[in-house]
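Please open the model in your viewer and keep the selection tool at hand. The tour goes from stop to stop, saying what to select and what is there.

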Amino acid sequence: MAALRVLVGVKRVIDFAVKVRVAPGGAAVQTQGVKHSLNPFCEIALEEAVRLREAGAATEVVVATLGTKASQETLRTALAMGADRAVLAELAEGAAAGPREVAVALAALARRLQPQLVLLGKQAIDDDCNQTGQILAAILDWPQGTFASRVSLEPGAVQVQREVDGGLETLRLRLPAVLTADLRLNEPRYATLPNIMKAKKKPLEVVPAADLGVPAGPPRLRLLQLQEPPPRAGGEKVESVESLLGKLRHAGRI
Amino acid sequence: MASAAETPNCLSSTGLTEDQKEFQKVAFDFAAKEMAPYMAEWDEKEIFPVETMRKAAQLGFGGIYVKPDVGGSGLSRLDTSIIFEALSTGCTSTTAYMSIHNMCVWMIDTFGNEEQRRRFCPSLCSMEKFASYCLTEPGSGSDAASLLTSAQRKGDTYVLNGSKAFISGGGDTDVYVVMCRTGGPGPKGISCLVLEKGMPGLSFGKKEKKVGWNSQPTRAVIFEDCVVPVDNRLGAEGQGFSIAMQGLNGGRINIASCSLGAAHASVLLAQEHLTVRKQFGEPLANNQYLQFGLAEMATRLLAARLMVRNAARALQEGRQDAAVLCSMAKLFATDECFGICNQALQMHGGYGYLKDYAVQQFVRDIRVHQILEGTNEVMRMIVARNLLQG
C-alpha cells in the first residue's frame with residue numbers, strides 16, 4: 001500500500017474542568033500548578049488519524065506541537081493514544097506563540113515529512129482562535145476542510161463533511177489537504193495501560209522552533225487585557241406576561 | 001463538581017514517574033467520565049456495573065499486576081495503588097470490587113500452574129468473567145484460620161461442605177477463589193480451590209442490604225456436597241492460608257488506595273462547597289477554623305498516601321517488612337480517610353446529609369474499609385506481634 005502519512009498538530013491547554021483565574025496584571029491567566037491536558041479538538045483530530053491508520057487508509061501518524069518542554073507530556077499522551085512518533089517544536093521557557101507561529105512551524109514540518117493529510121483541532125479551548133488550520137493551508141497553498149464531522153479518504157483525495165451554519169456541507173479535496181476536526185467527528189479513545197507502556201519506546205524528536213522558521217520575539221497576536229465577567233446580577237420574577245413585556249420594553253430590550 | 005484531577009493541594013501526582021502520571025491520568029479521566037456521573041444511581045439502585053467494569057478492563061484495569069502472558073498489564077503494586085486511588089474518585093464501591101477481582105486474578109496467576117493460569121486468567125483480565133475471594137465464614141472472621149468449610153478428597157475431586165459469608169460479588173461473579181480445610185485444624189490444614197458458578201452444589205444466600213458498597217452485591221456462598229476437580233487446587237495442599245494472606249497483603253494496599261481516592265474526592269468537594277456557600281455575609285472559606293480544617297484534611301491525606309505508596313514499594317520489592325507495612329498502611333489510611341470524608345461531610349452542613357450530594361456516599365462507602373480485608377484491630381495485632389517478637 002502506498003505510504004500515506006498523516007501529520008496531526010496538537011496543543012497543550014489548561015484542562016477544560018479547571019476554574020481559570022486571571023493572573024495579577026490582567027494580561028494572562030494563571031497557569032502555574034494548574035492542570036493541563038491535550039486540547040479536546042486536537043484529541044478528536046488525533047483519534048481520526050489513528051482510526052485511518054487502523055482501517056488501513058493511512059500508514060503513519062506523526063503528532064507534533066509547538067510549545068515549551070512541558071508539551072512533551074502532551075505528546076506522550078498522544079503516543080499512548082496511538083500516534084507512531086512525535087515531534088516537539090520547542091519554544092524557550094516563557095516564550096509564547098499564536099496561530100500564525102504554530103502554522104509556520106507545522107508548514108515547515110509538512111515540507112519535511114510530506115504528509116498527505118494534516119489534521120488539526122478546529123480551535124484551542126484556551127484562545128478559541130479557530131485560525132491555525134486556515135493559516136496553515138494558506139501558507140502551504142493546500143485545500144482546507146474545516147469543522148470536519150466526517151472524513152473519508154479516496155485515492156488522491158479526501159471527502160469531508162463540514163458543519164456549517166446552514167447545516168452540513170460535503171467537499172472533495174485533492175490531497176495533500178488540511179482538515180480541522182469538529183466535535184462530532186468522533187469520540188476519542190482512552191489510552192490503555194499497555195499502550196502507555198508502548199509509548200515509551202516510540203520516537204519523540206525535539207527540534208528548536210527557530211529551526212522551523214518560527215520567528216523569535218512576541219507572537220503576532222498580542223493579548224492586551226483579560227478580565228473576569230461581571231458577577232451575575234440577581235433576576236426578578238414577574239406575575240404576568242403583561243408585566244414581563246412592560247419590563248422588557250422599559251429596559252429597552254424590545 | 002470540580003474535576004478530581006485538580007490536584008495542587010492534594011498532591012496526588014507528587015514524586016511519580018512520567019509513566020505513572022499517564023496511568024493516573026487515564027484512571028482519573030475514566031473515573032470522571034464513566035463512573036462519577038453514575039455512582040449515585042449505582043448506589044441507589046444497587047447496580048453491579050458490569051459494562052463499565054468491562055470498559056475499564058479494556059484499558060488494562062482487569063489484571064493490573066497480573067503477568068502480560070495471560071492478559072494482565074504487568075504493572076507494579078505502586079502503579080496499581082495509583083490507579084485504584086484515581087478510579088476511586090469516580091466510584092469507591094465499584095473500584096473496591098475491581099480491586100478484589102484483581103487480587104483473585106493475581107492469586108491464580110501467581111500460585112496456579114500453567115494450565116490453571118491459561119484456563120482462568122485471560123477471561124478474568126478482560127472481565128469477561130468476574131471473581132470473588134472466599135475466606136470469611138459465619139463462624140470465622142478475624143480468626144480466619146479457624147475456618148470450617150471442609151474439602152474431602154474423593155479420587156480426583158474434592159467434595160466441599162460449608163459456607164462463606166459476606167462475599168463481595170457473590171452470586172453475580174463467575175469464579176470463586178475458596179479457602180477450605182483439606183487437612184487438620186489451623187492454618188496448615190487449609191487449601192485454596194477455584195470454583196466456578198454452575199458447579200453442582202454451589203449456591204448463594206440472599207443479597208445483603210448494606211450501608212454502602214451497593215454497586216457490588218454481597219452474598220453468602222454455600223457448598224453442599226459441591227464437587228470440585230483436584231485440578232482446580234492452587235498450589236499444594238496446606239498452602240491455602242499462605243496464599244490467602246499473600247493475596248491480602250496486596251488487597252490491603254488496594255483497599256487503602258480506594259480510601260485515599262474517596263478522601264481526595266471529598267476534600268475537593270469540601271473545598272468547592274466552602275468557596276460557594278455563604279453565611280454571615282461571606283463565603284465559608286473566609287473562616288479560619290474551616291481553613292485550618294481543610295489544611296488538616298489535606299495534610300492527613302498526604303500522610304496516608306505516602307504510607308500506602310511506601311508499603312506498595314516494599315511489597316513490590318519483596319522486602320521482609322512488607323506485610324507489616326501493608327498492615328500499618330491499611331490501618332492508618334482507612335482510619336484517616338474515613339475521618340477526612342466525615343469532616344468533609346460536616347463542612348457541607350445540612351446538605352452533606354442529602355443523597356443529592358456525593359460526600360455522604362464516600363463516607364458510607366469507605367466505612368467498611370476499616371473492617372474488611374482484616375479489621376483494623378487485626379492490623380494492630382499484626383503490628384504488635386511484629387514489634388514484640390523482635
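Which residues does Thr146(A) touch, not counting residues up to four places away in sequence? Select Thr146(A) and you will find that it touches Gln134(A), Arg162(A) and Thr180(A), where contact means heavy atoms within 4.5 Å. Thr146(A) lies in strand β7 of chain A, residues 144-154, and it counts as buried because its relative accessibility is 6%; buried means under 20% relative accessible area, exposed over 50%, and partly exposed in between, with a 1.4 Å probe and protein chains only.

Before moving on, note that this is a predicted model, in which local features need pLDDT of at least 70 and side-chain atom pairs count only at pLDDT 80 or more, while totals for chains, interfaces and linings use all residues. Residues are numbered from 1 along each chain as its sequence is written, chains are lettered from A and ligands numbered from 1 in the order in which they are written, and side-chain values use heavy atoms, with hydrogens and water left out.

Next, select helix α1 of chain A, residues 40-54; helices (H or I, at least four residues) and strands (E, at least two) are DSSP runs, numbered from the N terminus. The end C-alpha atoms of α1(A) are 21 Å apart, which agrees with the 21 Å that its 15 residues should span at 1.5 Å a residue, the expected span being 1.5 Å times one less than the number of residues. Among the buried residues of α1(A) are Phe41(A), Ile44(A), Leu46(A) and Val50(A), and also Glu47(A) and Glu48(A). After the helix comes Gly56(A), whose phi is positive, near 85°.

Now show both chains and turn to where they meet. Here 16 residues of chain A are in contact with 23 residues of chain B, and the two chains bury about 1800 Å² between them, 63% of it on carbon and sulfur atoms; buried area is the accessible area (1.4 Å probe) that two parts lose on being put together, summed over both. Three salt bridges are counted between chain A and chain B, a salt bridge being a side-chain nitrogen of Lys or Arg within 4 Å of a carboxyl oxygen of Asp or Glu. Select Arg76(A) and Glu18(B), whose side chains meet in a salt bridge at 3.3 Å, N to O. On the side of chain A that touches chain B, α2 (71-81) and α5 (193-199) of chain A each supply at least two residues, and the largest share, four residues, comes from α5(A).

The last stops are in chain B. Select Lys55(B) and Glu34(B), which form a salt bridge with the closest N and O atoms 3.0 Å apart. This pair links distant parts of the chain, 21 residues apart, with Lys55(B) in helix α3 (residues 50-58) and Glu34(B) in helix α1 (residues 18-35) of chain B. Lys55(B) is partly exposed, at a relative accessible area of 40%, whereas Glu34(B) is buried, at 14%.

Then select Lys164(B) and Glu137(B), whose side chains meet in a salt bridge at 2.9 Å, N to O. Lys164(B) lies in strand β3 (residues 157-168) and Glu137(B) in the loop between β1 (131-134) and β2 (150-154) of chain B, so the pair ties together parts that are 27 residues apart in sequence. Lys164(B) counts as buried at 0% relative accessibility, and Glu137(B) is buried at a relative accessible area of 6%.

Finally, select Lys67(B), Asp69(B), Asp109(B), Glu114(B), Arg117(B) and Arg118(B), which are linked in a network of salt bridges.
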